[in-house]
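Please look through the sequence and the model shown here before reading on. The questions are meant to be worked through slowly, with the structure open beside the text.

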Amino acid sequence: MQQTRTPHVVVVMGVAGTGKTTIGPLLAARLGVPYAEGDDFHPTANIHKMTAGTPLTDEDRWPWLDAIGEWAHGRAGLGGVVSSSALKRSYRDRLRAAAPGVVFVHLTGDRALIEDRMAHRQGHFMPTALLDSQFATLQPLEADEAGVAVNVSGTPEEITARAVAALSSLQSS
């Protein structure tokens, strides 16, 4: 598999179950940069809320987004990949405020496919019951945001290849 270097910090975003934790490390390997798992930046209180099936509020998310933004800022010019749902424009704006050069890869897909994948994954704190709130909150990337949308149908390798190709076309435009 060919490795492509990027100085960008890429935020792999999308609703729960789109494969951020699967695609993120594969994308990082293809780009030759480190990967950071966005869930690792959550305060313990957030994980407890989500485990209990309680959606997070914006106030819950600010410290989490700030921690991800700090990591992304530290990787500026070096490159990196980090996962973050980044569902709202205001969340992405907060990440961009901390790390202005971030680029987003929005993993998108059919709700039924995503729900099926969530139902079959093991050891994750996000219950399928929160999927509706995730879709209700989602604000897709806007035209003025640096990023690409990548469909999550197919194998992780196929999805990663689509993400690399989309990022390459974004960088060359």
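Predicted model: local features only at pLDDT ≥ 70, side-chain atom pairs only at ≥ 80, totals over all residues.

Residues are numbered from 1 along each chain as its sequence is written, and side-chain values use heavy atoms, with hydrogens and water left out.

Q: What is the order of the strands in the open sheet of five strands?
A: Strands here (E, at least two residues), like helices (H or I, at least four residues), are DSSP runs numbered from the N terminus, and two strands pair if DSSP finds at least two bridges between them. The edge strands, each pairing on one side only, are strand E2 (35-36) and E5. E2 pairs with E3 in the parallel sense over two bridges, and Ala36 stands opposite Val82 in E3. With parallel pairing, the order is E2-E3-E1-E4-E5.

Q: Which strands does helix H1 (residues 20-31) touch as it packs on the sheet?
A: Contact means heavy atoms within 4.5 Å, and axes are lines fitted to C-alpha atoms, for helices over the stretch in contact, with angles that run from 0 to 180 degrees between N-to-C directions. The direction of H1 makes about 155° with that of E1. The strands that H1 touches are strand E1 (9-13), E2, E3 and strand E4 (103-108).

Q: How far does H3 reach from its first C-alpha to its last?
A: H3 lies across E1, E2 and E3, and runs at about 170° to E3. The expected span of a helix is 1.5 Å times one less than its number of residues. H3 has 17 residues, and its reach is close to the expected value, at 24 Å.

Q: What covers the buried residues of H3?
A: A residue is called buried under 20% relative accessible area, exposed over 50%, and partly exposed in between (1.4 Å probe, protein chains only). In H3 the buried residues are Asp60, Arg61, Trp64, Leu65, Ile68, Gly69 and Ala72. The elements that cover them include E1, helix H2 (44-51), E3 and H4.

Q: Is Thr160 buried or exposed?
A: Thr160 has its place in helix H7. Leaving aside neighbours within four places in sequence, Thr160 is in contact with Ile23, Leu26, Leu27 and Arg30. Because its relative accessibility is 2%, Thr160 counts as buried.

Q: How many residues apart in sequence are the parts tied together by Arg94 and Asp66?
A: A salt bridge is a side-chain nitrogen of Lys or Arg within 4 Å of a carboxyl oxygen of Asp or Glu. Arg94 and Asp66 form such a pair, with their closest N and O atoms 2.6 Å apart. Arg94 lies in helix H4 and Asp66 in helix H3, so the pair ties together parts whose separation is 28 residues.

Q: What is the phi of Ala86 near?
A: Most residues other than glycine have a negative phi. Ala86 lies in the loop between E3 and H4, and Ala86 counts as buried because its relative accessibility is 0%. The phi of Ala86 is a positive value in a residue other than glycine, near 45°.
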